[in-house]
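Subject: A structure for you to look at

Hi there,

Please have a look when you get a moment; my notes follow below.

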Amino acid sequence: MTTHFITAEIDLQESPKELHQAIEAELQERGEPLRWAVTHVDPEQEKATVEAIVTKSANSK
C-alpha cells in the first residue's frame, strides 16, 4: 500500500452536501481517501481546490 498527496479541482455544487459527495467521488477514483481539505475556492471559475492524502494498494493502477 502506498500513500499519495493529490490535488483536484471540483466544480462548486448547489449545496454543501452535494459538494461533499462530488469531492468524495473524485477522490475515490484516485484511491482511498485518508483525509482531505478544501484549500481554495474560486468563485469566478466556480471551482474548489481540494488537497488530499489517498492510499492505493500495490495492485491498483
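Leaving aside neighbours within four places in sequence, which residues is Ala8 in contact with? They are Glu26, Arg30, Ala48, Thr49 and Val50. Before going further, please keep in mind that this is a predicted model.

First, the overall layout. The chain has 1 helix and 3 strands, and along the sequence they follow the pattern β-α-β-β. The C-alpha trace spans about 40 × 15 × 15 Å along its principal axes. Of the 61 residues, 21% count as buried. The chain exposes about 4600 Å², with carbon and sulfur atoms supplying 47% of that area. As for contacts between residues at least 6 apart in sequence, 51% of them join residues at least 24 apart.

Now to the inside. In soluble globular proteins, nonpolar side chains tend to be buried together. Here the largest nonpolar core has 9 residues: Ile6, Ala8, Ile10, Leu19, Ile23, Leu27, Val50, Ala52 and Val54. Strand S1, helix H1 (16-30) and strand S3 are the elements that each give two or more residues to this core.

Thr55, in strand S3 (residues 47-56), has a relative accessibility of 11% and counts as buried because that is under 20%. Not counting residues up to four places away in sequence, Thr55 touches Met1, Thr2, Thr3, Gly31, Glu32 and Leu34. Glu9 sits in strand S1 (residues 2-11) and is exposed, at 57% relative accessible area. With neighbours within four places set aside, Glu9 is in contact with Lys47, Ala48 and Thr49.

Next, the charged pairs. The count comes to 2 salt bridges. In one of them Asp11 pairs with Lys47, and the closest N and O atoms are 2.6 Å apart. Asp11 belongs to strand S1 and Lys47 to strand S3, so this pair ties together parts that are 36 residues apart in sequence. Both ends are partly exposed: Asp11 has a relative accessible area of 42%, and Lys47 has 27%.

The other pair is Glu26 with Arg30, where the closest N and O atoms are 2.9 Å apart. These two residues lie in helix H1, 4 residues apart, or about one turn of the helix. Glu26 is partly exposed at 22% relative accessible area, and Arg30 is partly exposed at 28%.

Last, the surface. Where is there a nonpolar patch? Leu12, Val38 and Val41 form one, with about 200 Å² of accessible area together. Of these, Val38 lies in strand S2 (residues 32-42) and counts as partly exposed, at 37% relative accessibility.

Best wishes

Notes:
Residues numbered from 1 in each chain as written. Predicted model: local features only at pLDDT ≥ 70, side-chain atom pairs only at ≥ 80, totals over all residues. Heavy atoms only, no water. Patch = residues over 30% accessible without salt bridge, like charges linked within 9 Å, V, L, I, M, F, W, Y side chains within 5 Å. Areas by Shrake-Rupley, 256 points an atom, 1.4 Å probe, with all protein chains shown as cover. Salt bridge = Lys/Arg side-chain N within 4 Å of Asp/Glu carboxyl O. Buried < 20%, exposed > 50% of the residue type's maximum accessible area, 1.4 Å probe, protein only. Contact = heavy atoms within 4.5 Å. Core = buried A, V, L, I, M, F, W, Y, C linked by side-chain atoms within 4.5 Å.
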